[in-house]
Amino acid sequence: MHPDIQKYNNNQVGESYLICTHLCDIISENFPEAENKVWHAHPVWFLDGNPIVGYDKLKDSVRLMFWSGASFEEEALENGSGKFKDASKRYTTVSEINKEEIIRWIEKSKIIQWDYKNIVKRKGVLERLV
């Protein structure tokens, strides 16, 4: 794990700390091939420079986000708004985390990807990678 992610997690308090560290453990264990770092102020895992999964502390919850998650066809993931293909799940307690569900989403994220890495070069147009 990148040291900045550890620092991010350590800066959380109470239930948010527990949620962030648990999410980090699940992602790291099931996505060892991914590069990880703090990107745009929160932990993100990448494949070949393309953002795949990350989480961030919001005012009332911790949000787990999959950049291509809208294409996963998973009811438990809430689709983002606009032209992007993101979807997320929010947690307020660590007991809400379903490890098997997250592992399934991680596996889908390895085969269902939209090209966020080149979105600027393509002037905001997303193309499906795999």
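# A walk through the sheet and its helices

Serine 16 touches Lys57 and Val62 when residues up to four places away in sequence are not counted; touching, or contact, stands for heavy atoms within 4.5 Å. The model is a predicted one, in which local features need pLDDT of at least 70, side-chain atom pairs count only at pLDDT 80 or more, and totals for chains, interfaces and linings use all residues. Residues are numbered from 1 along each chain as its sequence is written, and side-chain values use heavy atoms, with hydrogens and water left out.

Serine 16 lies in helix α2. Helices (H or I, at least four residues) and strands (E, at least two) are DSSP runs, numbered from the N terminus. With a relative accessibility of 12%, serine 16 counts as buried. Buried means under 20% relative accessible area, exposed means over 50%, and partly exposed is in between, with a 1.4 Å probe and protein chains only.

Helix α2 (residues 14-30) also packs with helix α1 (residues 3-10), at an angle of about 155° and with the axes 8 Å apart. This makes α1 roughly antiparallel to α2. Axes are lines fitted to C-alpha atoms, for helices over the stretch in contact, and angles run from 0 to 180 degrees between N-to-C directions. Angles under 35 degrees count as roughly parallel, over 145 as roughly antiparallel, 65 to 115 as roughly perpendicular, and the rest as oblique. On the α1 side the contact is made by Ile5, Tyr8, Asn9 and Asn10, and on the α2 side by Tyr17, Cys20, Thr21 and Cys24. By class, the contact of α1 with α2 has five nonpolar, three polar and no charged residues. Here Ala, Val, Leu, Ile, Met, Phe, Trp, Tyr, Cys and Pro count as nonpolar, Asp, Glu, Lys and Arg as charged, and the others, Gly among them, as polar.

Next comes the sheet. Six strands form an open sheet in the order β1-β2-β3-β4-β6-β5, with antiparallel pairing. The edge strands are β1 (35-39) and β5, each of which pairs on one side only. Two strands pair if DSSP finds at least two bridges between them. Helix α3 (residues 99-111) packs on this sheet and touches β2 (42-47), β3, β4 and β6, its direction making about 35° with that of β4.

The strands can be followed from β2 onward. β2 and β3 pair in the antiparallel sense over four bridges, and tryptophan 45 has valine 53 in β3 as its bridge partner. Two residues lie between these strands in a hairpin, and aspartate 48 in the turn has a positive phi of about 50°. Seven of the eight residues of β3 are buried, which leaves the strand mostly covered.

On to β4: a hairpin of four connecting residues joins β3 to β4, and the antiparallel pairing of the two strands runs over five bridges. Tyrosine 55 is bridged to leucine 64 in β4, and lysine 57 to valine 62 in β4. Four of the five residues of β4 are buried, so this strand is largely enclosed by the rest of the structure. β4 also pairs with strand β6 (residues 87-91), in the antiparallel sense and over five bridges; there valine 62 stands opposite tyrosine 91 in β6.

Serine 61 sits in the loop between β3 (50-57) and β4 (62-66). Serine 61 is buried, with a relative accessible area of 5%. Not counting residues up to four places away in sequence, serine 61 touches Asp56, Arg90, Tyr91 and Thr92. The side chains of serine 61 and aspartate 60 are joined by a polar contact of 3.3 Å. A polar contact is a pair of N or O atoms within 3.5 Å; within protein, one must be able to donate a hydrogen and the other to accept it, and residues adjacent in sequence count only if both atoms are side-chain atoms.

The last stop is asparagine 79, placed in strand β5 (residues 78-79). Asparagine 79 is partly exposed, with a relative accessible area of 46%. Leaving aside neighbours within four places in sequence, asparagine 79 is in contact with Ala70, Asp86 and Ala87.
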